[in-house]
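Dear colleague,

I am passing on the structure below, and after it I have written out what was found in it. Please keep the sequence open beside you while you read.

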Amino acid sequence: MRVDVYFDGASNNHLFSEAVMGVGMVLFLDGEVMIEKAIEAGKGSSNEAEWYGCCLALKAACRFIEWAKTENMDITEVNVYSDSQLIVNQFYGHYAIK
């Protein structure tokens, strides 16, 4: 069985207001939606929002996999997807993280 997790994050970086972050994730098991989550995540930059979304997705995947073990499901593959060039390049060490 394969788990695919997609995540995203955004922030309204307006010059004269505090930036509010929103994050979301969707977890699929063999193409079927199992978990959907979207939340307001406090204040922060777009980069922080993307990383928060990544953490949300990875935690949900870990919890789902632990649950799947109790149901005798054989998870053999986990894929994580992002549309954020910034996050992917930071993850692989191509961009510096401050």
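Ser46 lies in helix H1, where helices (H or I, at least four residues) and strands (E, at least two) are DSSP runs, numbered from the N terminus. Ser46 is partly exposed, with a relative accessible area of 29%; buried means under 20% relative accessible area, exposed over 50%, and partly exposed in between, using a 1.4 Å probe and protein chains only. The C-alpha atoms of Ser46 and Leu27 are separated by 22 Å, and the two residues are 19 apart along the chain.

Before going on, please note that this is a predicted model, in which local features need pLDDT of at least 70 and side-chain atom pairs count only at pLDDT 80 or more, while totals for chains, interfaces and linings use all residues. Residues are numbered from 1 along each chain as its sequence is written, and side-chain values use heavy atoms, with hydrogens and water left out.

Leu27 is also among the residues with the most contacts inside the largest nonpolar core, together with Val3, Val5, Phe7 and Met25, and this core has 19 residues. A nonpolar core here is a set of buried Ala, Val, Leu, Ile, Met, Phe, Trp, Tyr and Cys residues joined through side-chain atoms within 4.5 Å. Strand S1 (2-11), S2 and H1 are the elements that give two or more residues to this core, and the largest share, eight residues, comes from H1.

Turning to the sheet, four strands form an open sheet in the order S3-S2-S1-S4, with mixed pairing; two strands pair if DSSP finds at least two bridges between them. Strand S3 (32-43) and S4 stand at the edges, each with a single partner strand, so one side of each is left without a neighbour in the sheet. Strand S2 (residues 20-29) pairs with S3 in the antiparallel sense over nine bridges. In S3, Glu40 is the bridge partner of Gly22, and Glu32 stands opposite Leu29. S2 and S3 form a hairpin with two residues between them, and Asp30 in the turn has a positive phi of about 50°.

Finally, the lining of the largest pocket includes Phe7, Cys54, Tyr81 and Phe91. A pocket is an open set of points on a 1 Å grid over the protein atoms alone, where a 1.4 Å probe fits, with protein on both sides within 12 Å along at least five of seven lines, and lining residues have an atom within 4 Å of a point. Helix H1 (46-70), strand S4 (77-82) and helix H2 (85-91) each supply at least two residues of this lining.

Best wishes
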